[in-house]
Amino acid sequence: METDEQKVMEARYVLPYNWFRLKSSRHWRQKNGIWTIAKELAGDINGKVVLDAGCGDGWYCAYMQESGSEVHGSDFSGKAISFAEIILPQVSFKVGSLLE
């Protein structure tokens, strides 16, 4: 069951916004910084199976795949998953809620 916040987010999701950010943008630098920290915490993920829960349009999935892992992504947003499947056809995506 979608929450009200999820319904609002789904209605606003019209483009895979993460993929249109310039590397010089604050948004891109923040996401890249988060990835740098996550990579340090997770260690070597080469050859491992990784789940990106709440993957949105798959931005972090691309990084995980480039690191040599088998990536699976899940998000409540059907629109986000549709974008992710087009952008990263080699990654397995599924629409689903972590609340259920």
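Select glutamine 30 to begin; this residue lies in helix H2. Helices here are DSSP runs of H or I, at least four residues long, numbered from the N terminus. Glutamine 30 is partly exposed, because its relative accessible area is 41%.

A word on the model: it is predicted, so local features need pLDDT of at least 70 and side-chain atom pairs pLDDT 80 or more, while totals for chains, interfaces and linings use all residues. Residues are numbered from 1 along each chain as its sequence is written, and side-chain values use heavy atoms, without hydrogens or water.

Next, show H2 together with helix H3, residues 59-66. Their axes are 11 Å apart and meet at an angle of about 45°. That makes H2 oblique to H3. (Under 35 degrees is roughly parallel, over 145 roughly antiparallel, 65 to 115 roughly perpendicular, and the rest oblique. Axes are lines fitted to C-alpha atoms, for helices over the stretch in contact, and angles run from 0 to 180 degrees between N-to-C directions.)

Move to leucine 15. Look in the loop between helix H1 (4-12) and helix H2 (26-42). Leucine 15 counts as partly exposed, because its relative accessibility is 42%.

Last, select glutamate 85 in helix H4, residues 78-87. At 40% relative accessibility, glutamate 85 counts as partly exposed.

Notes. Helix = DSSP H or I, 4+ residues; strand = E, 2+ residues; numbered from the N terminus. Buried < 20%, exposed > 50% of the residue type's maximum accessible area, 1.4 Å probe, protein only.
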